[in-house]
Amino acid sequence: MDKAQQDALKKAAGIEAAKLIEDGMIAGLGTGSTVKFLVDELGRRHQEEGLEFTGVTTSRRTQAQAESYGIKIVDIDDVDHIDVTIDGADEVDKNFNGIKGGGAALLWEKIVATNSNQIVWIVDESKVVDTIGKFPLPVEVIPFGAGHVIKKFEERGYKPVLRLDAEGKEVRTDENNFVVDLHLERIDHPQELAEDLINTVGVVEHGLFLNMVDKVIVGDPNGPRVMTNANK
C-alpha cells in the first residue's frame with residue numbers, strides 16, 4: 001500500500017470518528033497522522049456547521065492545529081471529565097491491547113485516556129495485528145541516569161534503542177524526557193511486561209495501552225469498520 005492509499009484510509013477513519021463529537025462535549029484529541037485528519041474535519045465542522053465543543057489535547061502540536069481552526073482548547077486540569085478521547089495507535093490486536101508512542105506523546109496520551117469516559121482509536125488497517133510487538137515499544141525515561149535504565153533493559157533482553165532525531169540528538173517529549181524504543185518483535189505477555197517497565201526506576205511511562213480502548217475505527221478499503229471491545 002502506498003502512502004496516498006494509506007492516507008486515504010486514515011482520512012476516512014478520521015472523518016468517521018469526528019461524527020462522535022457533538023455540541024457541548026469535552027473531547028480528548030490525540031496525536032499523530034490519523035488524528036490530524038480528525039482535527040481537520042472537526043475544524044471544518046466548527047467553521048461550517050457551528051459545532052461547539054471543548055478540546056483537551058495530548059500534545060502541543062495537536063493544540064496548535066486545533067486552535068488554528070478556532071477550536072477551544074483547555075488544560076486537562078480545567079475539566080472534571082472527558083466525554084470521549086479519539087487518538088491513533090501504532091498497533092492494536094484482537095484483545096484490544098495496543099502500542100502507542102510512535103509520535104513520542106505517550107505520557108500525555110495515557111493521562112488523557114485514563115481520564116476519559118470513552119476511548120476511541122482511529123487506525124488504518126496496517127495497524128491491526130495478531131500479536132503486538134513488531135512495532136518497537138516506546139518507553140518514556142527521565143534523562144538523569146537514562147544510560148543505566150537502557151543497560152537494565154539490555155540485560156533483560158528488551159533490545160532498547162535510544163530514540164534520536166535526524167540530527168542525531170535525543171528526541172525530547174513534551175515533558176522534556178527521552179524515549180527508549182524496545183525492539184521486541186512480539187509481546188506475548190503484555191501485562192507482565194507493563195508491570196516490569198513501570199516498576200523500573202527512571203521510567204515515567206510506557207506505550208502499552210492494555211484493554212483500555214472501547215472502540216477502534218479501522219480505515220478499510222471497503223469503508224471504515226468498527227471493532228468494539230466487549231470487555232469494556
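Me: How do the residues of the lining of the largest cavity divide into nonpolar, polar and charged?

Reply: In this predicted model, the lining divides into five nonpolar residues, one polar and three charged. The residues that line the largest cavity are Ala104, Ala105, Leu106, Leu107, Trp108, Glu140, Thr173, Asp174 and Glu175. Ala, Leu and Trp count as nonpolar, whereas Asp and Glu count as charged.

Me: What makes a residue part of this lining, and where does the largest share come from?

Reply: A lining residue has an atom within 4 Å of a point of the cavity. The largest share, three residues, comes from helix H4 (residues 106-114), while domain 1 (1-127 + 208-226) and domain 2 (135-204) each supply at least three residues of the lining. The volume of this cavity is about 30 Å³.

Me: Why are the buried residues of H5 said to line one face of the helix?

Reply: The buried residues of helix H5 (residues 146-155) are Ala146, Val149, Ile150 and Phe153. Seen down the axis of H5, these buried residues fall within an arc of 100°, and therefore they line one face of the helix. An α-helix has 3.6 residues a turn, so residues three or four places apart point the same way.

Me: What makes Gly147, His148 and Glu155 exposed, and on which side of H5 are they?

Reply: Exposed means over 50% relative accessible area, and Gly147, His148 and Glu155 are exposed on the other side of H5. The buried residues of H5, by contrast, pack against elements including strand E8 (137-141), strand E10 (178-182) and helix H6 (190-198).

Key: Residues are numbered from 1 along each chain as its sequence is written. This is a predicted model: local features need pLDDT of at least 70, side-chain atom pairs count only at pLDDT 80 or more; totals for chains, interfaces and linings use all residues. Side-chain values use heavy atoms; hydrogens and water are left out. Buried means under 20% relative accessible area, exposed over 50%, partly exposed in between (1.4 Å probe, protein chains only). Helices (H or I, at least four residues) and strands (E, at least two) are DSSP runs, numbered from the N terminus. The arc is that of the directions from the helix axis to the C-beta atoms. Contact means heavy atoms within 4.5 Å. On a 1 Å grid over the protein atoms alone, a cavity is a set of points where a 1.4 Å probe fits but cannot get out, and a pocket is an open set with protein on both sides within 12 Å along at least five of seven lines; lining residues have an atom within 4 Å of a point. Grid points are joined across faces, edges and corners, and a volume is the space filled by probe spheres set on the points. Domain bounds come from an automatic or database domain assignment.
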